[in-house]
Amino acid sequence: EEALEAKSKIDQDKYLTMVVMGTGIFEQLHMLMTFEDTLVNFLLEPEAMHELIDVICEYRLTYMRLIVEHLHPDCIMSHDDWGSKNSLFISPDTWREFIKPQYEKTYKYMKDHGVIVMHHADSFMEPIVEDMVELGVDIWQGTLPENDIVKLQKQLDGRMTLMGGIDASIVDREDSTEEEIRKEVRRACTQYGPGGHYIPCITYGGPGCLYPHVDPIIDDEIEKYNKEVYGI
């Protein structure tokens, strides 16, 4: 009831509606059994891990169906961090064996029902970016600048939009200055904007920075860039 009431207050002629689904399959695993045990059990208990992952997937698919059937959102942002700033947590082959098949099910359901697939992962994920396209990910939210974004834009050629690029470690600090914030935002817009299919933002999976002075400056600098470069 609360979600339906919230949606009723959104002008859908002006705004997209989006639901956030946190704690993806990999994240759920390490919440249940600690991070170290999750990594070890991919090697030592593969059959049990497949069984547990199947259960988690069915839970999330049921959750997703309830969202789509009752709220009919334009977009679902699905969270699942698959790597650190510099590497995947597991090898691409392990990810493809255990994790990818489950997202084939859930993201296919979203695509079949006309829902935009936004996947959050503020991670280094270059090795599996083509897999993400195969899964039907429309927007990769959280694209860290440690990924070669310019190279990925050329490689993807519009098949997936990259959302992120602004280094939170530079801008979202208690002592960050307006000059530092504007410089980093302008760098991201200037470096990645020309490649297209890019949405500038910090790489967190939701709105808001840790420090309240940061967001207004980020937004203002993006608006300035848009007016200067695109006239909008």
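This is a predicted model: local features need pLDDT of at least 70, side-chain atom pairs count only at pLDDT 80 or more; totals for chains, interfaces and linings use all residues.
1. Two strands are taken to pair if DSSP finds at least two bridges between them. Helices (H or I, at least four residues) and strands (E, at least two) are DSSP runs, numbered from the N terminus. By this criterion strand 4 (139-143) and strand 5 (161-166) pair in the parallel sense over four bridges, and Thr-143 stands opposite Gly-164 in strand 5.

2. Residues are numbered from 1 along each chain as its sequence is written, and side-chain values use heavy atoms, with hydrogens and water left out.

3. Strand 3 (residues 116-120) is joined to strand 4 in the parallel sense by three bridges. In that pairing Gln-141 of strand 4 is the bridge partner of His-120. Together with helix 7, strands 3 and 4 make a right-handed β-α-β unit. All five of the five residues of strand 4 are buried, so the strand is largely enclosed by the rest of the structure; buried here means under 20% relative accessible area, exposed over 50%, and partly exposed in between (1.4 Å probe, protein chains only).

4. Strand 2 (residues 75-79) is likewise largely enclosed by the rest of the structure, because five of its five residues are buried. In a regular strand the side chains alternate between the two faces of the sheet. Both faces of strand 2 are covered, with Cys-75, Met-77 and His-79 on one side and Ile-76 and Ser-78 on the other.

5. The partners of strand 2 include strand 1 (residues 18-21), with which it pairs in the parallel sense over four bridges; Met-18 stands opposite Cys-75 there. Strand 2 also runs parallel to strand 3, to which five bridges join it, and Ser-78 stands opposite His-119 in strand 3.

6. In helix 8 (residues 149-156), Ile-149, Leu-152, Gln-153 and Leu-156 are buried. They cover an arc of only 105° around the axis, which puts them on the same side of helix 8; the arc is that of the directions from the helix axis to the C-beta atoms. Their cover includes helix 7, strands 4 and 5, helix 10 (178-192) and strand 6 (198-202), contact meaning heavy atoms within 4.5 Å. Just after helix 8, Asp-157 takes a positive phi of about 50°.

7. Helix 2 (residues 25-33) has Ile-25, Phe-26, Glu-27, Leu-29 and Met-33 buried. Among the elements covering them are helix 3 (35-44), helix 4, strand 2 and helix 6 (100-112). Thr-34, which follows helix 2, has a positive phi near 75°.

8. A nonpolar core is a set of buried Ala, Val, Leu, Ile, Met, Phe, Trp, Tyr and Cys residues joined through side-chain atoms within 4.5 Å. The largest has 58 residues, and those with the most contacts inside it are Phe-42, Trp-82, Ile-99, Trp-140, Met-160 and Ile-218. Helix 4 (residues 46-71) supplies the largest share of this core, nine residues. Not counting residues up to four places away in sequence, Ile-99 touches Ile-25, Phe-26, Phe-42, Ile-53, Trp-82, Ile-90 and Thr-94. A second, separate core of six residues includes Met-77, Met-118, Ile-139 and Met-163.

Notes
A crossover is right-handed if, with the strands pointing away from the viewer, the path from the first strand over the helix to the second runs clockwise.
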